[in-house]
Amino acid sequence: MAASLFFFSQNPFTSPQISHPKISLSSPKPTLTLFTPPPFISNNATRRLSCKALSTISVNPSNYEFSDASSEMELRLQLGGGGTLSSRDIFVDAEDSSLKIGVKQSGSFITLVEINKLYEKIKSSETIWYIDEDQLVVNLKKQDPDLKWPDIVESWESLTAGAMQLLKGTSIYIVGDSTEINDKVARELAVGLGYTPLNTKELLETFAKQSIDSWVTADGSESVAEAESAVLENLSSHVRAVIATLGGLHGAARRADKWRHLYAGFTVWLSQSESIDEESAKEEARRHIQEGSLGYSNADVVVKLHGWDADHAKTVAQASLSALKQLIMSDKKLPGKKSLYIRLGCRGDWPDIKPPGWDPSTGAEVPAGTL
């Protein structure tokens, strides 16, 4: 089953500015918007998922060997078959984010490998290849030599395997329109990453000894949002956790003044959409950003879904991880900034982190020379 996503970056990334004697870490917070169509279910219950940006690979992994050695990587592909092959029989088309390999058989080229999304970008112009007995050896150079590639293709397995070096233990908060969707996707992410799954709905209902619905009926949505905000405060110091929050109008994420502790981790806003194609989803995202919609303004990543099917929670989780990888690759200091934000008390000054001693209630700067 193939899947795809679309992302839109709201703001360019800039390097953090550090001034003395006070700390001032500043960067425009990007908002990545992804469009992930869910399965369209026809009358005969045939399911299909159609998108371009989640990776597909048309070769059996048992037929190739991949190794990553610093700035250079090697892909060895078993050619198989009889006869002698020459360079004229091999076709290698390498782009920055994709790779296609074919071999000439019986007068026509047969595709051996087609990867529409590599794990990260390569220097395509520096790709070299040669034939070693019955193997095709392709040497690839990374654009980022410091990034360790778990595999040649971006997949659920490579994203989860490579997340440790990128996230550095930073927690992930799943927020958005639906409590159910938040929970399903959070659990998939937690399992894949080896993180602790947490659910604010379960924590609140255990504490209150009643359901969220009955709580809202008795005391109103504001009471529930206040309680969830207190739970998020307690969870803000946790690392290696995926936290599913309340969806709809009851949760803290629906209130601008309750995001203070959500900024402690990477936030993924799951937004249901009426759009049925990539272009309309892009336009919808731009409109929400222009209107200053809360989730689009505050979240690190927005994933848009047309409909919902719990069977495809892992697909949405993969789209979320892919976007987070792109986000962190654009600014590798983000996990460190999140850690600093937590250490300074989650004062609500994200992304422009103020120096120690800053009072969020007054907004007063700490006097020069006090650090």
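I start with a term: two strands pair if DSSP finds at least two bridges between them. Helices (H or I, at least four residues) and strands (E, at least two) are DSSP runs, numbered from the N terminus.

A note on what I am reading: this is a predicted model, where local features need pLDDT of at least 70, side-chain atom pairs count only at pLDDT 80 or more, and totals for chains, interfaces and linings use all residues. Residues are numbered from 1 along each chain as its sequence is written, and side-chain values use heavy atoms, with hydrogens and water left out.

**Entry 1, a sheet.** I looked up which strands form the open sheet, and found three in the order β6-β7-β8, with antiparallel pairing. The edges belong to β6 and β8, each with a single partner strand, so one side of each has no neighbour in the sheet. On average, neighbouring strands here are turned by 20° against each other, direction ignored (axes are lines fitted to C-alpha atoms, for helices over the stretch in contact, and angles run from 0 to 180 degrees between N-to-C directions).

**Entry 2, strand by strand.** I found five bridges between β6 (residues 90-94) and β7 (residues 99-105), and a hairpin of four residues joins β6 to β7. Phenylalanine 91 faces glycine 102 in β7, while alanine 94 has leucine 99 as its bridge partner in β7. Moving on, I saw β7 joined to β8 (residues 108-115) by seven bridges. Valine 103 has its bridge partner, isoleucine 110, in β8. Two residues lie between β7 and β8 in their hairpin, and serine 106 in the turn has a positive phi of about 55°.

Which residues touch the most other members of the largest nonpolar core? I got Trp149, Ile152, Val242 and Leu270, out of 83 residues. Such a core is a set of buried Ala, Val, Leu, Ile, Met, Phe, Trp, Tyr and Cys residues joined through side-chain atoms within 4.5 Å. Buried means under 20% relative accessible area, exposed over 50%, partly exposed in between (1.4 Å probe, protein chains only). Helix α8 (residues 313-330) gives the largest share of this core, eight residues.

I also checked tryptophan 149: leaving aside neighbours within four places in sequence, its contacts (heavy atoms within 4.5 Å) include Phe66, Met73, Leu118 and Lys142.

In α9 (residues 334-343), the buried residues include Leu334, Leu340 and Tyr341. Their cover includes α1 (156-167), β14 (266-272) and α8. Just after α9, I noted glycine 345 with a positive phi of about 105°.
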